[in-house]
Amino acid sequence: MDTLSLLLQGFGVALQPINLMWALLGSLLGTAIGILPGIGPALTIALLLPITVSVGPVSAFIMFAGVLYGAMYGGSTTAILINTPGEAGSMMTALEGSKMARAGRGAAALATAAIGSFIAGTIATMALTFAAPAVAELAFIFTPADYFALTVMAFTSVAVVMGASRVRGFISLFLGLMLGVIGIDAMTGQPRMTFGVPDLLDGVELTVVLVSVFAVGEILYVASRYRHQEEEIIPIKGRAFMTRDEWRRSWKPWIRGTAIGFPMGAIPGGGSELPTMLSFTLEKNLSKHKEEFGHGAIEGVAGPEAANNAAAAGILVPLLTLGLPTSATAAILLVAFQNYGLQPGPFLFTSNPELVWGLIASLYVGNCMLLVLNLPLVGVWVRLLYIPKPQLYAGILIFAMVGIWGVSGSVFELALMAGLGIVSYVMRVYGFPIAPLLIGMILVPLAENQLRTALAAGQGRFSVLFDSPIALTFYVVAALFLLVPWVLAKLQAGSQATQD
Amino acid sequence: MHKPASITTRLQQPWWLGVAVILLGSVCLFASSSLTLSARYSAIGPGMFVALVGVGLLLLGVLLLLQMARGTAFDDDERALDPGMDKGPFFTVVAAAIVPSLTMERLGLPITAAIAFMLVAHALGSRRGALDIIVGFTLGSACWLLFSWLGLQLGGFLPLAGV
C-alpha cells in the first residue's frame with residue numbers, strides 16, 4: 001500500500017470523534033503548559049503517562065502529539081509577553097518578541113509566531129509522512145551490531161551536544177546507564193545492583209525517574225531561586241493581524257526555519273534549542289533590517305518559531321522508525337510506547353499501522369486546531385499567566401505523586417521520587433544536562449541486548465561489531481561528534497594565540 | 001544576597017561532586033564483582049556492562065576533579081550570576097517531597113496531598129496556609145475519585161477512618 005493510502009487510513013482514525021476529542025484535549029493541555037513557564041512538554045507527558053494507562057494507545061499518542069505541538073505554540077506567547085520562554089524552544093523568540101511587545105507590536109509578534117508554527121508544523125509533518133516509511137525500510141537491513149553502533153552514536157552525540165561540557169554530559173549519560181542496569185538481567189536472570197533490596201529487582205521504574213527529574217527537580221529549583229519575584233506581563237497591543245509588510249518579511253524566515261528545524265530535530269542531540277538558535281543567527285545575517293535586531297525584528301520571531309515546530313516533527317522520524325529518542329521529550333514518548341508493550345522501530349509500521357498513521361494524521365489535525373486555538377484566543381490563554389506560582393507548583397507535586405503512587409503503589413518508589421528529585425536539582429544547579437541521563441537509561445537495555453546478540457552470533461568474536469559498513473559509519477559519526485568540538489576549540493585557541 | 005564575583009575571582013569548586021561520581025563508580029565496580037564478566041555464549045556476561053559503567057564513572061569523576069583543579073570545570077561568570085540557594089524554601093520542598101513516602105499508606109491521598117500542597121505553596125511564598133490545605137485536600141480528593149474511576153489503584157481514601 002502506498003504512503004498516501006496509508007495516510008488516508010490514518011485520517012480515518014484521527015478524525016473519529018473520540019480521537020478528535022483527545023487531539024483537542026492534547027492541544028489545549030499543550031498550549032496551556034507551553035504558556036506556563038518552567039513546565040514543558042516533557043514534564044506534562046511524564047505526568048500523563050500513569051494516567052493514560054487506561055486509555056488505548058492510539059488515543060493516548062494522539063493526545064501526546066497535541067501536547068508536543070501545543071507546547072511549541074504556547075511557549076511563544078510567554079516568550080513574547082513576559083520575556084520568559086515557556087519552554088526551551090522559545091528561548092530565541094523571547095529576544096525579539098518581547099521587544100516587539102514593548103514597542104506595541106505584540107499582536108503582530110504573536111501572529112507571526114502562530115502562523116509560522118502552523119506552516120512549519122504542516123510542512124514538517126508532510127516531510128515526516130514521506131521520510132518515516134523510507135527510513136523504516138532502511139532499518140529492516142540493520143543487524144544487531146548495527147543497532148549497537150547506533151546506540152553508541154546516540155549516546156555520544158547526546159552527551160557531547162547537550163549541555164555546556166562534555167565531561168558533565170558523559171557523567172549524566174553514565175548515571176543513566178547505571179540506573180538502567182539495575183534489576184534482574186534479562187538474559188541470565190541474575191539480580192544486578194540491587195544490594196538485597198527486593199523493590200529494585202524489577203529495576204527502577206522509568207516513570208518514577210521521569211516524574212522525579214522533571215517535576216520534583218524543577219519545583220526544588222524554582223523554590224530555591226524564586227524569592228517571590230513578580231513577572232511583568234506586557235498587554236497585547238497593535239493590530240490583530242500582521243500588516244502586508246510584516247507578511248512579506250515573515251514568509252521566508254518561516255520556510256528557512258522549517259528547513260533548519262526538521263533535519264536538526266531528527267539528529268540525536270539536535271533538540272529544539274539548537275535549530276532555533278541557528279535560525280535566529282541565519283535571519284540576523286540575512287535580514288535587510290539588521291538594525292532592528294535587538295529592538296524587535298519580526299524575522300527574529302518568525303524563523304525560530306518555525307524552526308522549533310519543525311523540530312518537534314523531526315524528532316518523530318528516528319523515534320518511530322528506529323526507536324531512537326533524540327531529545328528528552330522523545331525519550332518520554334519512547335517510554336510511553338514501552339508502557340503499552342510497543343517497541344518503536346521498522347516493525348511498528350507493519351504491526352501497528354493504525355497507530356503510526358493515526359498519529360501522523362493527527363499531527364495535521366492538531367496543527368489546524370492549534371492555529372484556531374492560538375490566533376483568536378490568545379487573550380484567553382494569557383490569563384493562565386495570572387495563576388499564582390505557589391499553587392501552580394504545589395499542584396504539580398500532587399500530580400507527580402499521584403502518578404507514581406498510581407503506577408507502583410510502592411512507598412519505596414515515593415521515597416525514590418524525593419531522592420531523584422534532589423539529584424536532579426544538583427544536576428540542574430551545576431549544569432549537568434538531563435537528556436543524556438534519560439536517553440542512557442532508556443537505551444541501555446537495547447544496547448546491551450544487541451551487543452550480546454551480535455557477539456553470540458559472532459561466536460564471541462569482537463570484530464563482528466565492526467564487520468558491517470553501516471556500523472562503521474555510525475562509529476565514525478560518533479567519533480566525529482567526540483572529536484570535532486575538541487579540534488575546533490584547539491584551532492580557535494591557536495588562531496587567537498597567533499592574533500595576540 | 002549573593003554578590004556576583006568578578007571575572008578574575010575563582011569561585012569555590014564543588015569538589016564533592018567529583019568525589020560523589022567516583023564513589024558511584026566504585027559502587028558499580030563492587031556490584032559487578034559478584035557477577036560473571038564473561039559468558040561462553042556471547043563473550044560478555046551480566047557483569048560486563050555494570051563494570052564498564054563503573055570504570056566510566058570513575059574516570060569521569062577523576063576528569064571532573066582535574067578540571068576543577070585547573071579551574072575549567074564550570075563557567076565562573078555564569079555561576080556568579082546564579083542568585084544562590086534559598087535554604088528555607090528548598091528544605092520545605094524537600095520535606096514536601098518526602099511526606100508522601102511517610103503518610104500515603106497510613107493517611108491516604110487526600111490528606112497527604114493537603115500537607116504536601118501546603119508545604120510547597122508555603123515554600124514559594126503563599127501565606128494562606130489554611131486555604132492551601134483545603135485546596136490541597138480538594139485536589140487530592142478529586143484526583144483520587146477521577147483516577148480510581150479510570151482504574152488506577154490509589155489505596156484507601158481515608159485509611160484512618162477505614163474508608
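Visitor: What makes helix 5 of chain A and helix 6 of chain A meet?
Guide: Thr93(A), Gly97(A), Met100(A) and Ala101(A) in helix 5 meet Gly106(A), Ala108(A), Ala109(A) and Ala113(A) in helix 6. Being in contact means that the C-beta atoms of two residues, placed from the backbone, lie within 7 Å. Helices are DSSP runs (H or I, at least four residues), numbered from the N terminus. Keep in mind that this is a predicted model, where local features need pLDDT of at least 70, side-chain atom pairs count only at pLDDT 80 or more, and totals for chains, interfaces and linings use all residues. Residues are numbered from 1 along each chain as its sequence is written, with chains lettered from A and ligands numbered from 1 in the order in which they are written.

Visitor: Why is Ala142(B) called partly exposed?
Guide: Ala142(B) has 13 C-beta neighbours inside 10 Å. Buried takes 20 or more other C-beta atoms within 10 Å of the residue's own, exposed takes 12 or fewer, and partly exposed is in between, with C-beta atoms placed from the backbone. So Ala142(B) counts as partly exposed. Ala142(B) sits in helix 6 (residues 129-149) of chain B, and its C-alpha atom is 8.4 Å from that of Pro110(B), 32 residues apart along the chain.

Visitor: How many residues make up the contact between the chains?
Guide: Chain A brings 55 residues and chain B brings 60 residues. On the chain A side, helix 18 gives the most, with 12 residues.

Notes. Helix = DSSP H or I, 4+ residues; strand = E, 2+ residues; numbered from the N terminus.
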